[in-house]
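Open the structure in a viewer that can select by residue number. The stops below cover a helix pair and then a pocket.

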Amino acid sequence: MELLAPDLHLIPSRPAYSFNAYLMEGVLVDAATKRAYGRLRKALNGTRPSAHAITHAHADHQGASAALCEAFGIDLWAGEADADAMASGDLSDRAPSNVITRWQLRHWAGPAHPVARRLREGERVGEFAVLETPGHSPGHVAFWRESDRTLVAGDVLFGRHPLTGRPGLHEPPRMFTLDPALNRESIRRLAALDPAVICFGHGPPWRDAAALRRFAESLPA
């Protein structure tokens, strides 16, 4: 695992940075697709997470969640507005319906699993504060550690171009985002934090806060 900040590790994926998951102060954050269970289990190398949290209930972030929670005997945590979808296993209203998202639901999504903790604005996950950052999904959350300005941002932003794979800041594609205008508000909120490191759901970590501010300022209202 790659150390990104104190007690925050990136769990490797193939291709690199394609479907990111993190070990954040002992909590496993996100779980890629259901096909990623073996990779994630192997990468943890015997480490038992204390809990498992998702940034949002999309198939490429919760796919292996149920399997990992059951294997490790740990609780699942999700943003309050996405928790019912996780508990029911019905993710169909978490993203726009199109040929790609329907394919993802068939091939990537994991089964239902009870949600033990519904994450709300201002709650703590260790030293990280929960931030409600809706738009990409209704219950999207990010995690912010003010002491060293570390941000686990999920899919509020992409850290690589979704088609070419080249690193850079991008809005999440509209085909996967329920409310792009609301998501832009979440981007501007995160940029205002002036994070020293941003960890994305897709793409390598970003350490240029000034570029993030410029990107946020360039977005349409």
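Select helix H1 (residues 37–44) and helix H3 (residues 65–72), which pack with their axes 10 Å apart at an angle of about 40 degrees. H1 and H3 are therefore oblique to each other (under 35 degrees is roughly parallel, over 145 roughly antiparallel, 65 to 115 roughly perpendicular, the rest oblique). Helices here are DSSP runs of H or I with at least four residues, strands are E runs of at least two, and both are numbered from the N terminus. Axes are lines fitted to C-alpha atoms, for helices over the stretch in contact, with angles from 0 to 180 degrees between N-to-C directions.

The model is predicted: local features need pLDDT of at least 70 and side-chain atom pairs 80 or more, while totals for chains, interfaces and linings use all residues. Residues are numbered from 1 along each chain as its sequence is written, and side-chain values use heavy atoms, without hydrogens and water.

Next, show side chains: Tyr37, Leu40, Arg41 and Leu44 in H1 meet Ala67, Leu68, Ala71 and Phe72 in H3 (heavy atoms within 4.5 Å). By class, this contact has seven nonpolar, no polar and one charged residues (Ala, Val, Leu, Ile, Met, Phe, Trp, Tyr, Cys and Pro count as nonpolar, Asp, Glu, Lys and Arg as charged, the others, Gly among them, as polar).

Now select Phe19, Asp60, Gln104, Trp108 and Phe176, which lie nearest the centre of the largest pocket, among 33 lining residues. Elements giving two or more residues to this lining are helix H2 (59–62), helix H5 (99–107) and strand E12 (158–160). H5 supplies the largest share, six residues. A pocket is an open set of points on a 1 Å grid over the protein atoms alone, where a 1.4 Å probe fits, with protein on both sides within 12 Å along at least five of seven lines; lining residues have an atom within 4 Å of a point.
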